[in-house]
Amino acid sequence: MSVIAVEGLTKRFGTRTVVDNVSLSVEEGEIVGFLGPNGSGKTTTIRMLCGLLTPDAGTGTCLGHDVRSEAWKIKQAVGYMTQRFSFYEDLTIAENLDFVARLYALRPRQAHVARTLDALGLTHRRDQLAGALSGGWKQRLALAACVMHQPRLLLLDEPTAGVDPKARREFWDQIHTLAGDGVTVLVSTHYMDEAERCHRIVYISSGKVIARGTVEEVVANSGLVTYVARGGDLHALQTRLEGVDGIEQVAPFGATLHVVGSDLGRLEAAIAPYRTDPATAWSRGETSLEDVFIQLMAGKDRP
Ligand SMILES: Nc1ncnc2c1ncn2[C@@H]1O[C@H](COP(=O)(O)OP(=O)(O)OP(=O)(O)O)[C@@H](O)[C@H]1O
(Lines give C-alpha, C1' and ligand atoms only; values in the text may rest on other atoms or scores of the structure.)
Protein backbone atom coordinates (compact mmCIF):
# COMPACT_ATOMS: atom_id res chain seq x y z
CA MET A 1 0.00 0.00 0.00
CA SER A 2 1.28 3.51 -0.84
CA VAL A 3 2.30 5.62 2.15
CA ILE A 4 0.52 8.60 0.63
CA ALA A 5 -2.43 7.80 -1.63
CA VAL A 6 -4.74 10.75 -2.21
CA GLU A 7 -6.99 11.68 -5.10
CA GLY A 8 -8.63 14.94 -6.02
CA LEU A 9 -7.56 16.87 -2.93
CA THR A 10 -9.12 20.31 -3.09
CA LYS A 11 -9.07 23.23 -0.66
CA ARG A 12 -10.86 26.54 -0.95
CA PHE A 13 -10.36 29.63 1.15
CA GLY A 14 -13.47 31.75 0.62
CA THR A 15 -14.11 31.76 -3.09
CA ARG A 16 -10.47 30.93 -4.00
CA THR A 17 -9.50 27.37 -4.81
CA VAL A 18 -5.88 27.17 -3.65
CA VAL A 19 -5.46 23.40 -4.05
CA ASP A 20 -7.30 22.05 -7.05
CA ASN A 21 -7.82 18.34 -7.59
CA VAL A 22 -4.36 17.18 -6.49
CA SER A 23 -3.63 13.46 -6.61
CA LEU A 24 -0.47 11.99 -5.14
CA SER A 25 0.90 8.54 -4.63
CA VAL A 26 4.15 8.06 -2.70
CA GLU A 27 5.74 4.71 -1.91
CA GLU A 28 7.67 3.62 1.15
CA GLY A 29 11.23 4.96 1.26
CA GLU A 30 10.64 7.43 -1.57
CA ILE A 31 11.80 11.03 -1.37
CA VAL A 32 9.40 13.18 -3.35
CA GLY A 33 10.13 16.85 -3.95
CA PHE A 34 7.19 19.21 -3.96
CA LEU A 35 7.90 22.28 -6.04
CA GLY A 36 6.08 25.32 -7.30
CA PRO A 37 6.06 29.11 -7.15
CA ASN A 38 5.20 31.03 -3.98
CA GLY A 39 1.54 30.69 -3.14
CA SER A 40 0.98 27.72 -5.44
CA GLY A 41 -0.55 25.58 -2.68
CA LYS A 42 2.31 23.41 -1.38
CA THR A 43 1.86 24.23 2.31
CA THR A 44 -1.91 23.87 2.06
CA THR A 45 -1.53 20.44 0.44
CA ILE A 46 0.98 19.33 3.09
CA ARG A 47 -1.36 20.52 5.84
CA MET A 48 -4.18 18.45 4.37
CA LEU A 49 -1.87 15.43 4.19
CA CYS A 50 -0.86 15.71 7.82
CA GLY A 51 -4.40 16.09 9.12
CA LEU A 52 -4.22 19.77 10.05
CA LEU A 53 -6.67 20.93 7.35
CA THR A 54 -9.75 19.12 6.16
CA PRO A 55 -10.02 18.91 2.36
CA ASP A 56 -13.16 20.39 0.76
CA ALA A 57 -13.04 17.56 -1.76
CA GLY A 58 -10.94 14.50 -2.40
CA THR A 59 -10.23 11.23 -0.70
CA GLY A 60 -7.32 9.12 0.35
CA THR A 61 -4.98 7.93 3.03
CA CYS A 62 -1.69 8.82 4.68
CA LEU A 63 0.06 5.91 6.42
CA GLY A 64 -3.16 3.98 5.88
CA HIS A 65 -5.31 6.51 7.78
CA ASP A 66 -8.16 8.33 6.09
CA VAL A 67 -7.33 12.02 5.50
CA ARG A 68 -10.89 13.04 6.32
CA SER A 69 -12.05 10.84 9.17
CA GLU A 70 -8.75 9.87 10.83
CA ALA A 71 -6.88 13.17 10.83
CA TRP A 72 -5.99 12.78 14.52
CA LYS A 73 -4.28 9.44 13.82
CA ILE A 74 -2.28 10.99 10.99
CA LYS A 75 -1.22 13.93 13.18
CA GLN A 76 0.24 11.54 15.74
CA ALA A 77 1.92 9.30 13.18
CA VAL A 78 3.66 11.72 10.80
CA GLY A 79 6.66 13.95 11.33
CA TYR A 80 5.76 17.44 10.15
CA MET A 81 8.34 20.20 9.88
CA THR A 82 6.76 23.58 9.31
CA GLN A 83 8.39 26.45 7.45
CA ARG A 84 9.03 28.13 10.78
CA PHE A 85 9.97 25.62 13.40
CA SER A 86 9.21 27.03 16.80
CA PHE A 87 11.24 26.01 19.78
CA TYR A 88 12.16 27.54 23.06
CA GLU A 89 15.19 29.73 22.51
CA ASP A 90 16.03 29.84 26.20
CA LEU A 91 16.08 26.06 26.51
CA THR A 92 18.98 23.88 25.42
CA ILE A 93 18.79 21.44 22.52
CA ALA A 94 18.29 18.53 24.94
CA GLU A 95 15.64 20.41 26.94
CA ASN A 96 13.72 21.24 23.75
CA LEU A 97 13.79 17.59 22.71
CA ASP A 98 12.75 16.54 26.21
CA PHE A 99 9.74 18.84 25.87
CA VAL A 100 8.82 17.27 22.53
CA ALA A 101 9.23 13.79 24.04
CA ARG A 102 6.71 14.79 26.73
CA LEU A 103 4.25 15.99 24.07
CA TYR A 104 4.41 12.59 22.39
CA ALA A 105 4.42 10.80 25.78
CA LEU A 106 7.53 8.86 24.77
CA ARG A 107 8.94 6.47 27.36
CA PRO A 108 11.60 6.21 28.60
CA ARG A 109 11.94 9.88 27.72
CA GLN A 110 15.66 10.26 28.31
CA ALA A 111 16.44 7.27 26.14
CA HIS A 112 14.42 8.75 23.25
CA VAL A 113 16.17 12.10 23.64
CA ALA A 114 19.63 10.48 23.81
CA ARG A 115 18.98 8.27 20.77
CA THR A 116 17.73 11.24 18.73
CA LEU A 117 20.64 13.47 19.75
CA ASP A 118 23.01 10.73 18.68
CA ALA A 119 21.26 9.98 15.38
CA LEU A 120 21.29 13.64 14.35
CA GLY A 121 24.86 14.31 15.53
CA LEU A 122 23.65 16.70 18.22
CA THR A 123 25.03 15.01 21.33
CA HIS A 124 28.06 17.29 21.63
CA ARG A 125 25.78 20.32 21.44
CA ARG A 126 23.05 19.02 23.72
CA ASP A 127 23.62 21.76 26.33
CA GLN A 128 23.70 24.68 23.90
CA LEU A 129 20.82 27.12 24.01
CA ALA A 130 18.60 26.75 20.96
CA GLY A 131 18.50 30.53 20.54
CA ALA A 132 22.28 30.63 20.12
CA LEU A 133 22.42 28.09 17.28
CA SER A 134 23.23 28.95 13.67
CA GLY A 135 20.52 28.41 11.03
CA GLY A 136 21.90 25.00 10.03
CA TRP A 137 21.94 23.65 13.59
CA LYS A 138 18.46 25.04 14.23
CA GLN A 139 17.22 23.10 11.21
CA ARG A 140 18.91 19.99 12.53
CA LEU A 141 17.18 20.46 15.89
CA ALA A 142 13.90 20.91 14.02
CA LEU A 143 14.49 17.67 12.15
CA ALA A 144 15.40 15.92 15.42
CA ALA A 145 12.14 17.11 16.98
CA CYS A 146 10.13 15.82 14.07
CA VAL A 147 11.78 12.37 13.87
CA MET A 148 12.05 11.58 17.60
CA HIS A 149 8.78 9.63 17.70
CA GLN A 150 10.12 7.58 14.76
CA PRO A 151 7.48 8.49 12.16
CA ARG A 152 7.35 6.42 8.97
CA LEU A 153 6.40 9.54 6.97
CA LEU A 154 8.05 12.96 7.03
CA LEU A 155 6.28 15.99 5.60
CA LEU A 156 8.89 18.74 5.37
CA ASP A 157 7.83 22.23 4.34
CA GLU A 158 10.83 24.17 2.99
CA PRO A 159 13.08 22.72 5.69
CA THR A 160 16.29 24.32 4.44
CA ALA A 161 15.13 27.84 3.56
CA GLY A 162 17.91 30.27 4.37
CA VAL A 163 20.41 27.60 5.39
CA ASP A 164 23.96 27.58 3.98
CA PRO A 165 25.01 24.99 1.34
CA LYS A 166 27.10 22.84 3.71
CA ALA A 167 24.27 22.58 6.25
CA ARG A 168 21.81 21.87 3.41
CA ARG A 169 24.07 19.09 2.13
CA GLU A 170 24.24 17.57 5.62
CA PHE A 171 20.50 17.92 6.04
CA TRP A 172 19.94 16.05 2.78
CA ASP A 173 22.38 13.34 3.77
CA GLN A 174 20.22 12.82 6.86
CA ILE A 175 17.08 12.67 4.71
CA HIS A 176 18.65 10.01 2.50
CA THR A 177 19.77 8.01 5.54
CA LEU A 178 16.20 8.10 6.88
CA ALA A 179 14.79 7.09 3.49
CA GLY A 180 17.33 4.25 3.37
CA ASP A 181 15.72 2.99 6.58
CA GLY A 182 12.32 3.01 4.86
CA VAL A 183 11.08 6.43 5.96
CA THR A 184 9.01 8.15 3.27
CA VAL A 185 9.62 11.86 2.67
CA LEU A 186 7.58 14.55 0.95
CA VAL A 187 9.60 17.76 0.96
CA SER A 188 8.80 21.17 -0.47
CA THR A 189 11.68 23.28 -1.72
CA HIS A 190 12.59 26.13 -4.03
CA TYR A 191 16.16 24.89 -4.50
CA MET A 192 16.96 23.16 -7.79
CA ASP A 193 19.86 21.15 -6.34
CA GLU A 194 17.49 19.77 -3.71
CA ALA A 195 14.92 18.86 -6.37
CA GLU A 196 17.69 16.89 -8.05
CA ARG A 197 18.31 14.93 -4.86
CA CYS A 198 14.72 13.66 -4.81
CA HIS A 199 13.68 10.33 -6.31
CA ARG A 200 10.73 12.08 -7.95
CA ILE A 201 9.34 15.58 -8.14
CA VAL A 202 5.83 16.98 -8.33
CA TYR A 203 5.38 20.53 -9.63
CA ILE A 204 2.29 22.47 -8.62
CA SER A 205 1.11 25.79 -10.01
CA SER A 206 -2.03 27.68 -8.98
CA GLY A 207 -3.08 24.65 -6.97
CA LYS A 208 -2.80 22.18 -9.86
CA VAL A 209 -0.15 19.54 -10.49
CA ILE A 210 1.31 20.38 -13.88
CA ALA A 211 4.43 18.18 -14.00
CA ARG A 212 5.63 15.07 -12.23
CA GLY A 213 8.20 12.31 -12.59
CA THR A 214 11.94 11.92 -12.15
CA VAL A 215 14.00 15.03 -12.88
CA GLU A 216 15.05 13.43 -16.19
CA GLU A 217 11.42 12.73 -17.11
CA VAL A 218 10.26 16.24 -16.24
CA VAL A 219 13.07 17.78 -18.31
CA ALA A 220 12.40 15.41 -21.24
CA ASN A 221 8.63 15.95 -21.12
CA SER A 222 9.09 19.72 -21.20
CA GLY A 223 10.18 19.41 -24.83
CA LEU A 224 12.63 22.29 -24.33
CA VAL A 225 15.84 22.49 -26.31
CA THR A 226 18.87 24.52 -25.34
CA TYR A 227 21.82 26.10 -27.09
CA VAL A 228 24.79 27.41 -25.15
CA ALA A 229 26.78 30.41 -26.35
CA ARG A 230 30.30 31.05 -25.09
CA GLY A 231 32.73 33.91 -25.70
CA GLY A 232 32.29 37.40 -27.13
CA ASP A 233 29.98 40.02 -25.68
CA LEU A 234 27.34 37.78 -24.13
CA HIS A 235 25.54 40.65 -22.44
CA ALA A 236 24.96 42.38 -25.77
CA LEU A 237 23.97 39.03 -27.30
CA GLN A 238 21.45 38.45 -24.53
CA THR A 239 19.85 41.83 -25.18
CA ARG A 240 19.56 41.04 -28.90
CA LEU A 241 18.13 37.56 -28.42
CA GLU A 242 15.46 38.45 -25.89
CA GLY A 243 12.02 38.45 -27.45
CA VAL A 244 13.19 36.95 -30.77
CA ASP A 245 10.59 34.58 -32.23
CA GLY A 246 11.53 30.96 -31.44
CA ILE A 247 13.51 31.90 -28.33
CA GLU A 248 11.70 31.50 -25.03
CA GLN A 249 14.43 32.07 -22.49
CA VAL A 250 17.86 33.68 -22.50
CA ALA A 251 19.79 33.36 -19.27
CA PRO A 252 23.46 33.83 -18.32
CA PHE A 253 25.06 30.84 -16.57
CA GLY A 254 28.56 31.77 -15.46
CA ALA A 255 30.60 32.48 -18.59
CA THR A 256 27.89 31.13 -20.90
CA LEU A 257 24.48 32.13 -22.17
CA HIS A 258 21.66 29.55 -22.23
CA VAL A 259 19.22 30.07 -25.07
CA VAL A 260 16.10 27.96 -24.74
CA GLY A 261 13.18 27.24 -27.04
CA SER A 262 10.47 24.65 -27.43
CA ASP A 263 11.03 23.93 -31.13
CA LEU A 264 14.51 23.01 -32.35
CA GLY A 265 13.97 24.24 -35.92
CA ARG A 266 12.63 27.62 -34.84
CA LEU A 267 15.35 27.99 -32.19
CA GLU A 268 18.08 27.24 -34.73
CA ALA A 269 16.55 29.66 -37.21
CA ALA A 270 16.39 32.32 -34.48
CA ILE A 271 20.05 32.02 -33.51
CA ALA A 272 21.38 31.51 -37.06
CA PRO A 273 22.14 35.22 -37.69
CA TYR A 274 24.23 35.39 -34.53
CA ARG A 275 26.26 32.26 -35.21
CA THR A 276 28.34 34.02 -37.85
CA ASP A 277 30.18 36.01 -35.15
CA PRO A 278 33.54 34.17 -34.77
CA ALA A 279 33.97 35.49 -31.20
CA THR A 280 31.10 33.34 -29.93
CA ALA A 281 31.03 29.53 -29.97
CA TRP A 282 27.65 27.80 -30.00
CA SER A 283 26.83 24.23 -28.94
CA ARG A 284 23.78 22.20 -28.00
CA GLY A 285 23.37 22.12 -24.23
CA GLU A 286 21.45 20.18 -21.62
CA THR A 287 18.18 21.80 -20.63
CA SER A 288 18.26 22.36 -16.88
CA LEU A 289 15.46 21.78 -14.39
CA GLU A 290 15.55 25.51 -13.69
CA ASP A 291 14.87 26.23 -17.40
CA VAL A 292 11.86 23.92 -17.21
CA PHE A 293 10.49 25.56 -14.07
CA ILE A 294 10.90 29.05 -15.51
CA GLN A 295 8.97 27.85 -18.55
CA LEU A 296 6.23 26.31 -16.40
CA MET A 297 5.94 29.53 -14.41
CA ALA A 298 5.80 31.60 -17.60
CA GLY A 299 3.03 29.35 -18.93
CA LYS A 300 0.99 30.10 -15.82
CA ASP A 301 1.11 33.81 -16.59
CA ARG A 302 -0.16 33.38 -20.14
CA PRO A 303 -3.82 34.19 -20.78
N1 LIG B 1 -5.72 30.17 6.03
C2 LIG B 1 -5.75 30.78 4.84
N3 LIG B 1 -6.73 31.62 4.51
C4 LIG B 1 -6.78 32.23 3.31
N5 LIG B 1 -5.87 32.04 2.33
C6 LIG B 1 -4.85 31.21 2.59
C7 LIG B 1 -4.73 30.53 3.85
N8 LIG B 1 -3.62 29.76 3.81
C9 LIG B 1 -3.07 29.95 2.59
N10 LIG B 1 -3.81 30.82 1.86
C11 LIG B 1 -3.53 31.24 0.47
O12 LIG B 1 -3.48 30.08 -0.32
C13 LIG B 1 -2.51 30.18 -1.35
C14 LIG B 1 -1.57 29.00 -1.27
O15 LIG B 1 -0.75 29.16 -0.12
P16 LIG B 1 0.33 28.08 0.32
O17 LIG B 1 0.93 28.58 1.60
O18 LIG B 1 -0.29 26.74 0.34
O19 LIG B 1 1.38 28.17 -0.87
P20 LIG B 1 2.88 27.65 -0.97
O21 LIG B 1 2.99 26.97 -2.30
O22 LIG B 1 3.22 26.84 0.23
O23 LIG B 1 3.71 29.00 -0.99
P24 LIG B 1 5.23 29.31 -0.50
O25 LIG B 1 6.16 28.67 -1.49
O26 LIG B 1 5.28 30.82 -0.58
O27 LIG B 1 5.36 28.78 0.88
C28 LIG B 1 -1.82 31.52 -1.13
O29 LIG B 1 -2.38 32.46 -2.01
C30 LIG B 1 -2.15 31.86 0.30
O31 LIG B 1 -2.20 33.26 0.49
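In which loop is D56 found? In this predicted model, D56 sits in the loop between α1 and β4 (57–62). D56 touches T10, K11 and R12, leaving aside residues up to four places away in sequence. E7 is 49 residues from D56 along the chain, and their C-alpha atoms are separated by 12 Å. D56 has 13 other C-beta atoms within 10 Å, so D56 is partly exposed.

L63 lies in the loop between β4 and β5 (65–66). Q150 belongs to the loop between α5 (135–147) and β7 (153–157). Is L63 buried or exposed? L63 counts as buried, because 20 C-beta neighbours lie inside 10 Å and the cut-off for a buried residue is 20 or more. Q150 has 15 other C-beta atoms within 10 Å and is therefore partly exposed.

The backbone also contains a cis peptide bond, which joins R107 and P108. Its omega is about -10°. P108 is located in the loop between α3 (93–103) and α4 (109–119).

Key:
Residues numbered from 1 in each chain as written. Predicted model: local features only at pLDDT ≥ 70, side-chain atom pairs only at ≥ 80, totals over all residues. Helix = DSSP H or I, 4+ residues; strand = E, 2+ residues; numbered from the N terminus. Buried ≥ 20, exposed ≤ 12 C-beta atoms within 10 Å, placed from the backbone. Contact = placed C-beta atoms within 7 Å.
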